[in-house]
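Visitor: Please take me through one part of this model in close detail. I would like the contacts and the cut-offs together.

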Amino acid sequence: LDPIIMSKVKPAFLRGEYEMAVFRCFKEVEMRVRDKDPSLAGESGVDLMNKGFGPNGPLMKGADKKERGAMRELLTGAFAMFRNPSAHQEVQFDEPIEVVDMICFANQLLRMIGRI
């Protein structure tokens, strides 16, 4: 796993703080996207992904239009499903393995963002 996930997310997971673990790993995704271009400094969440990977966004400029759109949709969907609920309300996770899956998904997103 990514070193940030290992240092900040794993301890929360081991303490049973599943909501915090999920929120923290997607917060890291958000920060890494924002760090890719100075014009994204004031953006967050779904708006950040739409601006960064949208048709006129600064990220993945050389990529095929469909690939760029797929990346935008992947990230906006991930934020809408996993990060936003934990950011705006209390979420109860009953299955630790489900949380592991979310952490691994965020880890894969971090790898993809790292290649941009």
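**Around D2 and its neighbours**

Guide: R32 and D2 join their side chains in a salt bridge, 2.7 Å from N to O. A salt bridge here is a side-chain nitrogen of Lys or Arg within 4 Å of a carboxyl oxygen of Asp or Glu. The pair links distant parts of the chain, 30 residues apart: R32 lies in helix α2 (residues 18–34), D2 in the segment before α1. Helices are DSSP runs (H or I, at least four residues), numbered from the N terminus.

This is a predicted model, where local features need pLDDT of at least 70, side-chain atom pairs count only at pLDDT 80 or more, and totals for chains, interfaces and linings use all residues. Residues are numbered from 1 along each chain as its sequence is written, and side-chain values use heavy atoms, leaving out hydrogens and water.

D2 is buried at 13% relative accessibility. R32 is partly exposed at 23%. Buried means under 20% relative accessible area, exposed over 50%, partly exposed in between (1.4 Å probe, protein chains only).

The structure holds 7 salt bridges.

D2 also touches N107. Contact means heavy atoms within 4.5 Å. N107 sits in helix α5 and is buried, with a relative accessible area of 6%. L1 and I5 are also touched by N107.

I5 leads on to the helix pair. I5, V9 and F13 in α1 meet α5 residues including P96, V99 and N107.

Conventions: Helices (H or I, at least four residues) and strands (E, at least two) are DSSP runs, numbered from the N terminus. Lists of a residue's contacts leave out its neighbours within four places in sequence.
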